[in-house]
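My notes are below, in the order in which I made them.

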Amino acid sequence: MHRDNVLNVLQQSEEKRARFLRAWKHGVDFLGCRFFGPGTPENARSKDELRPLKDVIDASFEEESEGEEQFLAAMVSFFDPAWGEELASRIECHKSLCGLTFDLDHECTEIVCELLINYEGWQ
């Protein structure tokens with residue numbers, strides 16, 4: 001394991017999990033609860049209660065605005081990187097973290113930053 005990965009594991013804490021969940025709930029609120037479940041941001045106690053709903057997202061992805069598509073693909077990539085990459089391939093942007101986040105508004109950019117800083121993997 002790379003030294004930085006070991007340091008990251010050592011820094012994992014309940015506070016990081018709480019901050020990730022708080023940011024995740026903010027993202028869910030922004031995009032709409034219909035894309036996530038089975039819980040709601042108001043009652044979810046873990047990120048697993050707000051998993052991206054594949055059938056719903058895949059069926060209505062192209063109906064969202066360009067910025068919402070990019071933000072949704074970025075959010076999904078925290079849950080399942082391969083699925084996030086597949087969603088990114090369906091939109092007009094550079095297929096990178098910068099490409100997915102370049103045109104996001106300040107609120108969504110802050111959410112993605114908070115998720116990145118506090119991400120410990122989904123499992």
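These entries go through a helix, the aromatic rings, the core, a loop residue and the cysteines.

**Ground rules.** The model is predicted, so I kept local features at pLDDT of at least 70 and side-chain atom pairs at pLDDT 80 or more, while totals for chains, interfaces and linings use all residues. Residues are numbered from 1 along each chain as its sequence is written, and side-chain values use heavy atoms, with hydrogens and water left out.

**Helix α2.** I took helices (H or I, at least four residues) and strands (E, at least two) as DSSP runs, numbered from the N terminus. α2 has 18 residues and reaches 26 Å from its first C-alpha to its last. That is close to the 26 Å expected at 1.5 Å a residue, where the expected span is 1.5 Å times one less than the number of residues. I then looked up which residues of α2 are buried (under 20% relative accessible area; exposed is over 50%, partly exposed in between; 1.4 Å probe, protein chains only). They are Lys16, Phe20, Leu21, Ala23, Trp24, Gly27, Val28 and Leu31. An α-helix has 3.6 residues a turn, so residues three or four places apart point the same way. Just after α2, glycine 32 takes a positive phi of about 115 degrees.

**Aromatic rings.** How many aromatic pairs are there? I counted rings of Phe, Tyr and Trp (its six-membered ring) as paired if their centres lie within 6.5 Å; planes under 30 degrees apart are stacked, over 60 edge-to-face and the rest tilted. The count comes to 10 aromatic pairs. Tryptophan 24 and tryptophan 122 have ring centres 5.0 Å apart and planes at 65 degrees, so this pair is edge-to-face. Tryptophan 24 is in helix α2 (residues 14-31) and tryptophan 122 in the segment after α7 (106-118), so the pair ties together parts 98 residues apart in sequence. Tryptophan 24 is buried at 0% relative accessibility, and tryptophan 122 is buried at 4%. The rings of phenylalanine 79 and tryptophan 83 are also edge-to-face, because their planes are at 75 degrees, with centres 6.4 Å apart. Ring pairs link Phe20, Trp24, Phe36, Phe78, Phe79, Trp83, Tyr119 and Trp122 into a cluster.

**A charge over rings.** My test was NZ of Lys or CZ of Arg within 6 Å of the ring centre and within 35 degrees of the ring normal. Lysine 47 lies over the face of phenylalanine 20, at 5.4 Å from the ring centre. Lysine 47 also lies over the face of tryptophan 122, at 5.2 Å.

**Nonpolar core.** I used sets of buried Ala, Val, Leu, Ile, Met, Phe, Trp, Tyr and Cys residues joined through side-chain atoms within 4.5 Å. The largest core has 31 residues, and Trp24, Phe36, Ile57, Phe71, Leu72, Met75 and Leu115 touch the most other members. The elements giving two or more residues to this core are α2, α4 (66-79), α5 (81-89) and α7. The largest share, eight residues, comes from α4.

**Loop residue.** Aspartate 48 lies in the loop between β1 and β2 (50-52). Aspartate 48 is partly exposed, at 35% relative accessibility. Leaving aside neighbours within four places in sequence, aspartate 48 is in contact (heavy atoms within 4.5 Å) with Gly37, Pro38 and Trp122. Proline 38 is in strand β1 (residues 36-38), and a cis peptide bond joins glycine 37 to proline 38, with omega about 15 degrees.

**Cysteines.** I looked for cysteine sulfur atoms within 2.5 Å, the rule for a disulfide, and the count is zero. Cysteine 108 is buried at 3%, whereas cysteine 113 is partly exposed at 39%.
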